[in-house]
Amino acid sequence: MSNLRAAITSLATYSPDYVLTNAELEKMVDTNDQWILERTGIQERRILKGEGLGTSYMGAKAVQALLEKSNTRPEEIDLLICATATPDFVFPSTASLIANEAGIKNAFHYDVMAACSGFIYALHTASQFIETGKYKKIIVVGADKMSSIIDYTDRATCIIFGDGAGAVLLEPTTDNTGIMDAWMRSDGAGWVHLHQKAGGSRRPPTLETVQNREHYVYQEGAVVFKHAVQGMAEACTHIMNNNNLKAEDINWLVPHQANKRIIDSTAHKMGLPDEKVMLNIQKYGNTTNATIPLCLKDYESQLKKGDNLILAAFGGGFTWGAIYVKWAYNPQ
Ligand code: COA
């Protein structure tokens, strides 16, 4: 096997300006700041406002910032993968819309759909393309406009989700950094607990489905919570065992930001103290595919070359997994 690996060499994000606070949600549904904070850890989320703006708008902003930051010309990009659960359209792909907006013309693009695990699935996929040696520069985007599929009369879901986007640049390296290992799983039987009831080919949109509010996220919160706790721990344990990593070897856990209690439980099972866990759910809520890049961006200035990171996620499907990354650059 070659020692060519895919390294994250730059990253950028985009968060909409509008801040939806717990206080504002108190005016919309029967909830309160204390309940939301205690049960989820969320204080506020960002919401994309503006007529005709979809997920690709935020994804393109993140990609444009990434190209500028990494001093990369759009025509150098070989492939752009977008992980999203809220595509602009059923087709074409949101990846293609983002690439078009960012002037990426010498590449191919497609979406990955794995709900909240989409970003790590896409990262794992992209790393395989780099490891073949055939592709040199790949962008992986995680972006979601969750506000477009949230029922703001449903207190159990509207408090959780927010909008955002993040993008990473992957390039080949042989210096023993980059994506070292990945462990992924799915269980299609989990679909009943977390899905969008109508709008797809099984139940195309009708007046009735809209009136029944079936185009919004349907979630059995407690069931999803239980599976998320198990799935995140399982994935992280596999990655630690496969790579002989002890808690003291891990510099950072980068968990999908679904619920602070799920994150705390995962860290506890791994034996990690709070200071090794990236956390920004309080600012953004659950932005689905954007949570992990948003975390990496918020902590980027603290990451050093050679740091051991474990990225972990759980989402609808069910889907779950973890990726072991050896960080490839020092703060600039
Ligand atoms: N404010 C106040 N009360 C609320 C509320 C809110 N926003 N949302 C729900 N409740 C109520 C429920 O109606 C229920 O009341 P009842 O006992 O009178 O029926 C009570 O709180 C407990 O509900 P439950 O769903 O058991 O709460 P929970 O502790 O499981 O927390 C979630 C709810 C949604 C926060 C939690 O289940 C969760 O985070 N699940 C995972 C979500 C997730 O990660 N989704 C994305 C997948 S990656």
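Predicted model: local features only at pLDDT ≥ 70, side-chain atom pairs only at ≥ 80, totals over all residues.

Guide: Start with strands: helices (H or I, at least four residues) and strands (E, at least two) are DSSP runs, numbered from the N terminus. Two strands pair if DSSP finds at least two bridges between them. Here, strand 6 (residues 138-145) and strand 7 (residues 163-173) run antiparallel and are joined by eight bridges.

Visitor: In what order do the five strands of the open sheet lie?

Guide: The order is 1-7-6-4-5, with mixed pairing. Strand 1 (5-14) and strand 5 (108-112) have a single partner strand each, so one side of each is left without a neighbour in the sheet.

Visitor: And which order do the four strands of the other open sheet follow?

Guide: Those run 8-13-12-11, again with mixed pairing. Strand 8 (178-186) and strand 11 (252-255) are its edge strands, pairing on one side only. Inside this sheet, strand 12 and strand 13 (residues 319-326) are antiparallel and share eight bridges; I310 has Y324 of strand 13 as its bridge partner.

Visitor: Now the ligand. How many residues surround it?

Guide: A residue is near a molecule if one of its heavy atoms lies within 4 Å of it. The ligand is surrounded by 24 residues, the closest being T31, R39, R155, Q219 and N259. Nonpolar, polar and charged are sorted by residue type: Ala, Val, Leu, Ile, Met, Phe, Trp, Tyr, Cys and Pro are nonpolar, Asp, Glu, Lys and Arg charged, and the others, Gly among them, polar. By that scheme the shell has 12 nonpolar, eight polar and four charged residues.

Visitor: Which helix gives the largest share of the shell?

Guide: Helix 8, with four residues.

Visitor: What about polar contacts?

Guide: A polar contact is a pair of N or O atoms within 3.5 Å. A nitrogen atom of the ligand lies 2.7 Å from an N or O atom in the side chain of T31, and a ligand nitrogen is also 2.7 Å from such an atom in the side chain of Q219. For R261, the side-chain N or O atom is 3.4 Å from an oxygen atom of the ligand.

How values were computed:
Residues numbered from 1 in each chain as written. Heavy atoms only, no water. Polar contact = N/O pair within 3.5 Å; in protein donor to acceptor, adjacent residues only side chain to side chain.
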